[in-house]
Each structure stands twice: as C-alpha cells, then as structure tokens.
Amino acid sequence: MIYLDNAATTKTAPEVVDAMLPYFSEYYGNPSTIYSLGATAKKAVTKSRETIASAIGARPEEIYFTAGGSESDNWALKATAEAYAEKGKHIITSKIEHHAILHTCEYLEKRGFEITYLDVDSDGLIDLEQLKQAIRPDTILISIMFANNEIGTIEPIAEIGAIAKERGVLFHTDAVQAFGQIPIHVDELNIDMLSASGHKLNGPKGIGFLYIRKGVKSRSFIHGGAQERGRRAGTENVPGIVGLSAATERALRIMPEKIKKETELRDYLIGKLETEIPYGWLNGHRTKRLPGNVNFSFRYIEGESMLILLDGKGVCASSGSACTSGSLDPSHVLLAIGLKHEDAHGSLRLTLSEETSKADIDFVVEELKKIVQRLREMSPLYEDFIKSQK
Ligand SMILES: *Cc1c(COP(=O)(O)O)cnc(C)c1O
C-alpha cells in the first residue's frame, strides 16, 4: 500500500503509541484526584501542556486541550463571538476555510453576526488590501487558516497578524495543517488564537488544542467541571494529551529533515505530472505551499473514478478534502481559486509523509498515466476535444 492521504490523517507514530500506552493501563487515575495515581496523570498533563506551549512560543496556561481541530475552530469562533458581541458583530474569514470554520460562520450568521468571506486569487492567497478594507469598527475577529488542507497554499500569516494587531482586531488561525509541519511562533506572527489537531501530525485522533492568548476574553465551551481552567469541562483525555505531546516533540525533532525531503519529493512529483500527463495543472501556490501537498486537476476526468482505480493499485489518495468526498458538490476551495465545476471534479490530492519514497512517486505516476488515459478514452468530452483538435 502507498498512503498518500496524509492531509486527511496520518499514521500514529510507534513512539507516540508507546508514550500513550501506560496512561491506559497503569496510570489510569483521574487527574482531578489527590492520590498519587491521579497525581501521576496530572503531572503528565502538565508536562504535555508545557511541551505543546513551547512548540509555538506560548505559555502553558494559554493551551486548552480539545477533542481536535473541529472543536477548537468551533470554540474560537463561537466563544469570541459571544464574548465580544458588545464590541461588534462582524467577523472576517476566507472562502477557502475548512468546514469547521465555514459552517460555524453560517451558524453565527443565523444568530445575528455578519461575516465577510474574503476572496482568494488563483493560487489560493487572500488579498491583504481586501482584508484591510474589510475591517470595520465593529469587526471583532479575523479567522484565516494557516495553510489550506486541499491545495496546500500557506497564507501570509505574519502580514495578517500585523494588520490585525494594528487595527485592534483579534486574529485566529486554523493551523491544523501547519502545526508540526512548519515552524509557528504565536508572538512573532501576532496570533491570538490557534487551532491544532493531533492526528494530522502522527498523533492520535480525537485530541487537539486551542491556543488562546492571555488577555483574550473567551467563554467556557463545555460547561461542567473545572478542567482546563474552567473553560472546557470533562475528565482529561490523558492518553490523548500525552500522545499529542509526544507527537509534537517528534514533529519538532524531525521537522527540518522532513520539510527538506517532502519538498524535494513534492516538486519531483509535480514536475513528473506536468511533463508526463497532458491537460493537467497544479492547483495552489507553487512555493508558498505545504511541503507534502500536491493537488492536480486533470481535464475530462472524474476525480472519484481516479480514486477507485488508484485504490485498486494500492494507492490511497483524495479528490479534495475527506469531508467533501462522497458528496457530489465540487470542492469550495477549487471553485474559489477559479476552477470551473467540471475541472474541480477532476482533481486529485496527493499528500506525502516522511516515509514516502521516490519509488512510491514513480509507481504512482506510472499508474496514474494509465488511469488517466483509460478514463479519457471513455469520456465523451475528451472525444469531442480530440475531434476539435483535428
Ligand atoms: C483536519 C482539519 C480540521 C479538523 O480537524 P479534526 O481534528 O479532524 O476535527 C480542521 N481544519 C483543517 C484545516 C483540517 O485539515
């Protein structure tokens, strides 16, 4: 099997599993208790919070554990909306956010908030001038993703942070695709809130965190016990938290090497697809791009058919985001960068890991060449196109 869907989820690293196991079977105490079994668990949570905080240049008390990226995104938006409603009811985001942001924005719109959805250019980058012009006296929050999960484009986060700071507006970033993949420092980038998720960096599923800068007003997201400084109740997911911390340590350790290797392989794959398969193109920015992301459109092809045939060859890939696969709607991200409906349907996302080899890439391109050729031979649109060329 060749797994090229690391943007959907990643393999939990063996060292992460090893770090977690004792917190299921030996140190299973509730961190809120006072006997030493509970204290051991509590200590592990404290240490994990320190590790994760230092990974983004934050303080431990600014890290709130959640059940993953979607919860962190929901919390950041809903709690900020509620806490700052008196200042204003205007929020700025982009058209290419993850559904955890976009659907939460729709929810807030129904509750009287006004949302500006910024356009992106053909590479998927927001326009900083448009952002500046969108800010109003009643704007309370800017939420722009760090890097896009479908096309890999990395947004100008430092510039957005500087604008937000200058204009006195809070800045949240969905960094689920970026955390553990590329360096992030919340002070240097002027980030006030940041979402991350364990399973995108070889950690476990169902654990993530929300960074909330000290001084930012927020609300309790889950009401109940006093966990997470009273803001997110519920007995801590201790094995998950330990796993997230181990995954973070591992990610930081391998980051320089991983970035170098994946960037080289990514560009090698892009080059091969561009030269060996006609009527295709790269989606997303060529260099302001996540090291492991390749997103390609092939004209006259259905993405779903490509995926099924690739699966038959043992290759796991995606036709967009995992959330939209299975639905017939084309990706909102590909439409936002200007693709036509039929071209957005013929897209393929291949996301690499540090384990991907050049041989894997060569195999996938060879198979893809045959698959694309086969599917095009069955396509009436392609037939018409070829006739028109004659
Ligand atoms: C995966 C992903 C999410 C959702 O994270 P979960 O932990 O799966 O809830 C949110 N935003 C982006 C950009 C993602 O890639």
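The model is a predicted one.

Helix α3 covers residues 36-55 and has 20 residues. From its first C-alpha to its last, α3 reaches 28 Å. That is close to the 28 Å expected at 1.5 Å a residue. The buried residues of α3 include Gly38, Ala41, Ala44 and Val45. Further along the helix, Ser48, Arg49, Thr51, Ile52, Ala53 and Ala55 are also buried. Just after α3 comes Gly57, with a positive phi of about 70 degrees.

Helix α1 comprises residues 14-20 and contains Val17. Val17 has a relative accessibility of 33% and therefore counts as partly exposed. On the surface, Val17, Leu21 and Phe24 form a nonpolar patch. Together these residues have about 270 Å² of accessible area. Glu15 also lies in helix α1. Its relative accessibility is 34%, so Glu15 counts as partly exposed.

The loop between β4 (114-118) and α6 (128-134) holds Val120. Val120 is buried because its relative accessible area is 12%, under the 20% cut-off. Leaving aside residues up to four places away in sequence, Val120 touches Ile96, Leu125, Ile126, Ala336 and Ile337. Val120 and Lys95 are 25 residues apart along the chain, and their C-alpha atoms are separated by 7.2 Å.

Two tyrosines in loops show positive phi values. Most residues other than glycine have a negative phi. Tyr279 has a phi near 55 degrees, a positive value in a residue other than glycine. Tyr279 sits in the loop between α8 and β9 (280-282). With a relative accessible area of 35%, Tyr279 is partly exposed. Tyr300 has a positive phi as well, near 70 degrees. Its place is the loop between β10 (293-298) and α9 (303-312). Ring pairs link Tyr279 and Tyr300 with Tyr382 and Phe385 into a cluster.

Across the whole structure, a search finds 11 aromatic pairs. One of these joins Tyr23 and Tyr27. The ring centres of Tyr23 and Tyr27 are 5.3 Å apart, with 50 degrees between the planes. This pair is tilted. The two partners fall into separate classes of accessibility. Tyr23 has a relative accessible area of 17% and so is buried. Tyr27, at 30% relative accessibility, counts as partly exposed.

Charged side chains form the last group. Side chains of opposite charge can pair when their charged atoms come close. A search of the whole structure finds 27 salt bridges. In one of them, the side chains of Glu15 and Arg253 meet at 2.8 Å, N to O. This pair links distant parts of the chain, with Glu15 in helix α1 and Arg253 in helix α8, 238 residues apart. Arg253 is exposed because its relative accessible area is 52%, over the 50% cut-off.

Arg136 and Asp138 form another salt bridge, at 2.9 Å, N to O. Arg136 has a relative accessible area of 29% and is therefore partly exposed. Asp138, with a relative accessible area of 26%, is partly exposed too.

A further salt bridge brings together the side chains of Lys272 and Asp362, at 3.2 Å, N to O. This pair also links distant parts of the chain: Lys272 belongs to helix α8, and Asp362 to helix α12 (residues 358-377). The two residues are 90 residues apart. Lys272 is buried, with a relative accessible area of 15%. Asp362 has a relative accessibility of 23%, so Asp362 counts as partly exposed. Salt bridges that share partners join Lys272 and Asp362 with Glu276, Glu366 and Lys369 into one network.

Notes
Residues numbered from 1 in each chain as written. Predicted model: local features only at pLDDT ≥ 70, side-chain atom pairs only at ≥ 80, totals over all residues. Heavy atoms only, no water. Helix = DSSP H or I, 4+ residues; strand = E, 2+ residues; numbered from the N terminus. Expected span 1.5 Å × (residues − 1). Buried < 20%, exposed > 50% of the residue type's maximum accessible area, 1.4 Å probe, protein only. Patch = residues over 30% accessible without salt bridge, like charges linked within 9 Å, V, L, I, M, F, W, Y side chains within 5 Å. Areas by Shrake-Rupley, 256 points an atom, 1.4 Å probe, with all protein chains shown as cover. Salt bridge = Lys/Arg side-chain N within 4 Å of Asp/Glu carboxyl O. Phe/Tyr/Trp six-rings, centres within 6.5 Å; stacked < 30°, edge-to-face > 60°. Contact = heavy atoms within 4.5 Å.
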